[in-house]
Amino acid sequence: MQEHPEILLVTNRMRNGKASETRNTGRNWHSDLSYTNHPARGSLLWCEERPDVGGDTMFTNMYFAYETLSDKLKGFLDSLYAVHDVSMTKGLDKRDPEKVAELKRLNPPIAHPVVRTHPETGRKALYVSERVRTFVGMTEDESRPILKFLCEHATQPEFVYRHQWRVHDLLMWDNRCTMHVALADFDQTKTRHMQRTSLLGEPSGFIYSENEGERH
Ligand SMILES: [Fe+2]
């Protein structure tokens, strides 16, 4: 499984004379490290430098996302598993191909329950994201429109908090009941430099084999 680095620099500052590997981190709605079988419980993000305009981070409430579904759809989702795949991470095509290949090799697709009960609050939260490829036992064609609906439903403005960064802001969030996205709506010649760390979460899910769709 993937190692959990203590600090990840999320930056568009040049690194060793090259474009930073993390300059496009977090560009689609996700929950941190959901592509592992120990998804992050929480994450902390600290702002060292930000552009004058843009570069906000948005968060959405996955309790609300679940609770506002119909009982019929909740019933369908309650026993379903979703396959979280690191290759669905937006911007991988702009990273070093060797490092991406290693990332994929270390992180095979992981199936997690679509609905998870938060171990501390006891509330049910939806656990899907834009990094889900398919549902276990369903085809990708069948899964895609349902995933699209769930992500759109979960990210409606009423459920979203948008953070406009100030230098030295530190944000901490619970990945078990939220998703977030980092917006690329700023002048990329301006520096956005953040430090992130994550808290190791509870074990969850199982390695998904496309051929069998079974537990391993
Ligand atoms: Fe993230």
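A charge sits over a ring if NZ of Lys or CZ of Arg is within 6 Å of the ring centre and within 35 degrees of the ring normal. R116 lies over the face of Y127, at 3.6 Å from the ring centre. The charged end of R123 is placed over the ring of Y63, 4.1 Å from its centre.

This is a predicted model, in which local features need pLDDT of at least 70, side-chain atom pairs count only at pLDDT 80 or more, and totals for chains, interfaces and linings use all residues. Residues are numbered from 1 along each chain as its sequence is written, and side-chain values use heavy atoms, with hydrogens and water left out.

Next, the metal site. The iron ion has three protein donors named here: H30 (NE2), D32 (OD) and H180 (NE2), lying 2.1 Å from it. Donors are N, O and S atoms within 2.8 Å of the metal (3.2 Å for Na, K and Ca); water is not among the atoms, so sites may look incomplete. The donor residues are spaced H-x1-D-x147-H in sequence. H30 lies in the loop between strand 1 (8-11) and strand 2 (42-49), and H180 in strand 11 (residues 178-182), so the pair ties together parts that are 150 residues apart in sequence. Strands here are DSSP runs (E, at least two residues), as helices are (H or I, at least four residues), numbered from the N terminus. Both H30 and H180 are buried. Buried means under 20% relative accessible area, exposed over 50%, and partly exposed in between (1.4 Å probe, protein chains only).

The loop that carries H30 also holds T22. T22 counts as buried, at 14% relative accessibility. Its side chain reaches the backbone nitrogen of T11 at 3.1 Å. This is a polar contact: a pair of N or O atoms within 3.5 Å, where within protein one must be able to donate a hydrogen and the other to accept it, and residues adjacent in sequence count only if both atoms are side-chain atoms. Not counting residues up to four places away in sequence, T22 touches L8, L9, V10 and T11. Contact means heavy atoms within 4.5 Å.

I7 lies in the segment before strand 1. At 48% relative accessibility, I7 counts as partly exposed. Leaving aside neighbours within four places in sequence, I7 is in contact with Q195, R196 and T197. I7 and R41 are 34 residues apart in sequence and 15 Å apart in space, C-alpha to C-alpha.

Now strand 3 (residues 57-61). This strand is mostly covered, with 5 of its 5 residues buried. T57, F59 and N61 point one way, while M58 and T60 point the other way. Strand 3 runs antiparallel to strand 9, joined by 4 bridges. Two strands pair if DSSP finds at least two bridges between them. F59 stands opposite Y161 in strand 9. Strand 3 also pairs with strand 11 in the antiparallel sense, over 5 bridges. There, N61 stands opposite T178.

D169 counts as buried, at 9% relative accessibility. Its side chain makes a polar contact with the side chain of H163 (3.0 Å). A polar atom of the D169 side chain also lies 2.9 Å from the backbone nitrogen of R166. Leaving aside neighbours within four places in sequence, D169 is in contact with L45, W46, C47, H163 and Q164.

Strand 4 is joined to strand 8 by 3 bridges. A82 stands opposite F135 in strand 8.

Finally, the aromatic rings. The structure holds 3 aromatic pairs. The rings of Y81 and F206 have their centres 5.4 Å apart and their planes at 50°, so this pair is tilted. Y81 lies in strand 4 (residues 81-84) and F206 in strand 13 (residues 206-207), so the pair ties together parts that are 125 residues apart in sequence. Rings of Phe, Tyr and Trp (its six-membered ring) pair if their centres lie within 6.5 Å; planes under 30 degrees apart count as stacked, over 60 as edge-to-face and the rest as tilted. Y81 counts as partly exposed, at 23% relative accessibility. F206 is buried, with a relative accessible area of 9%.
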